[in-house]
Amino acid sequence: LNDVRWFVLLQDKLLYYKIEGGKKEPSPKGRILLDGCTITCPCLEYENRPLLIKLKTKTNTDYFLECCSREERDSWALDITGAIHAGHPVQVQELHRMKNSFKLLENISLHHIVERMCDSSTGIKLTRNLEQGNRYKETFTGSALVDWLISNSFAVSRFEAVTLASMLMEENFIKPVGARSTEATRYSDLSEQFLDDSTALYMFAESSKKKSSSKEELQFNISELRGTIVKQGFLVKQGHKRKNWKVRRFVLRADPAFLHYYDPTKEENRPVGGFSLRGCLVSALEDNGVPAGVKGNVQGNLFKIITKNDIHYYIQASSKAERAQWIEAIKPLT
């Protein structure tokens, strides 16, 4: 039964009111006590209803609340979760930090995500879609993938899930189909290429089914990898040969001071590149316009490392703050 209700969130309960003649009735129709409640959002139990929030009370009653948009759903879910944990201020702080933070799992494997996505029972649901007269089989929408990544704990926020989905696209595990999603790939900023949108269609790329062929691995001197890890995280790096931008997991080590980078699509934990920091120069690049040496319309949060042998590395962080942290961490080791 679908009834529109007016909801009011109090500290410990959610009240709902009937609406008569466009006005809410003076006294509530019912209440949901939040103490001991668990919340599921995104709730993927009903394939054709992506905007549901599920609340399970302490006494095991299930409530399904449907919102008008994903933004509204996520903001209600965050506020309700905050109220559920209201007695634990630490958790509430953690929640807001999570919502605004950007911290992908350090050891995430894109292969593993794709395998899970293809799982016949718990994977992403594939649908047929018509767009501009083209019939696409086995597609999923951008926002369905974002929901799936969050509900399978690969990401905690939509922002993170979009970054992860961009990586899947960048590394050719999934591809855009149809006008809406294909057009977005023309943006050079990695974070805008994948659309968290229910009209943008994607599908598995053929190559994602086959395991990628292993190239000759670079042989690293074991001593390089003995240093203490000082900092690690995902950054976007310009390639030396094709000048295309790819997401890499960077690991900064001290004593000996090296910066290595890893391919997040590869299962094995071997760097695909790296260099000694001794004698290196590191500097932030101007945020207005595209700096010399940078290919593509890549702007903002860029920094550059020039090695002792005069090799130039161009790297992009996801924010000014992150760029500053990396530069501060690298400088003392040069």
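Analyst: In this predicted model, strand 18 and strand 19 form a hairpin with five residues between them, and within that turn aspartate 310 has a positive phi of about 65 degrees.

Strand 19 itself covers residues 312-316, and it is mostly covered, four of its five residues being buried. Strand 19 is also joined by two bridges to strand 13, which spans residues 228-238, and these two strands run antiparallel. Here valine 236 has glutamine 316 of strand 19 as its bridge partner. In general terms, strands of a sheet pair through backbone hydrogen bonds, in either a parallel or an antiparallel way.

Strand 7 and strand 8 form a hairpin with five residues between them, and asparagine 60 in the turn has a positive phi of about 65 degrees. Five bridges join strand 7 to strand 8, residues 62-66, in an antiparallel arrangement, and isoleucine 53 stands opposite leucine 65 of strand 8. Strand 7, residues 52-56, has four of its five residues buried, so it is largely enclosed by the rest of the structure. Strand 7 also pairs with strand 6, residues 38-40, in the antiparallel sense over three bridges, and threonine 40 has lysine 54 of strand 7 as its bridge partner.

Turning to a sheet, there is an open one of three strands in the order 1-2-5, with antiparallel pairing. Strand 1 (6-9) and strand 5 (30-33) stand at its edges, each with a single partner strand, so one side of each has no neighbour in the sheet. From one strand to the next, the twist averages 20 degrees. Strand 1 and strand 2, the latter at residues 13-17, are paired antiparallel over four bridges, with phenylalanine 7 opposite tyrosine 16 of strand 2. Across strand 1 and strand 2 lies helix 1, residues 70-84, which runs at about 40 degrees to strand 1.

Just after helix 4, serine 153 takes a positive phi of about 60 degrees.

Two packed helices are described by the angle between their axes and by the distance between the axes. For helix 4 and helix 5 (residues 158-170), the axes come within 9 Å and cross at roughly 110 degrees, which means that helix 4 is roughly perpendicular to helix 5. The crossing of helix 4 and helix 5 is right-handed. On the side of helix 4 the contact is made by Ser143, Leu145, Val146, Asp147, Leu149 and Ile150, and on the side of helix 5 by Arg158, Ala161, Val162, Leu164 and Ala165. Sorted by class, this contact between helix 4 and helix 5 has eight nonpolar, one polar and two charged residues.

Key:
Residues numbered from 1 in each chain as written. Predicted model: local features only at pLDDT ≥ 70, side-chain atom pairs only at ≥ 80, totals over all residues. Heavy atoms only, no water. Buried < 20%, exposed > 50% of the residue type's maximum accessible area, 1.4 Å probe, protein only. Pairing = 2+ DSSP bridges. Axes fitted to C-alpha atoms, helices over the stretch in contact; angles between N-to-C directions. Parallel < 35°, antiparallel > 145°, perpendicular 65-115°, else oblique. Left-handed = near helix turned anticlockwise from the far one by under 90°. Contact = heavy atoms within 4.5 Å. Nonpolar A, V, L, I, M, F, W, Y, C, P; charged D, E, K, R; others polar.
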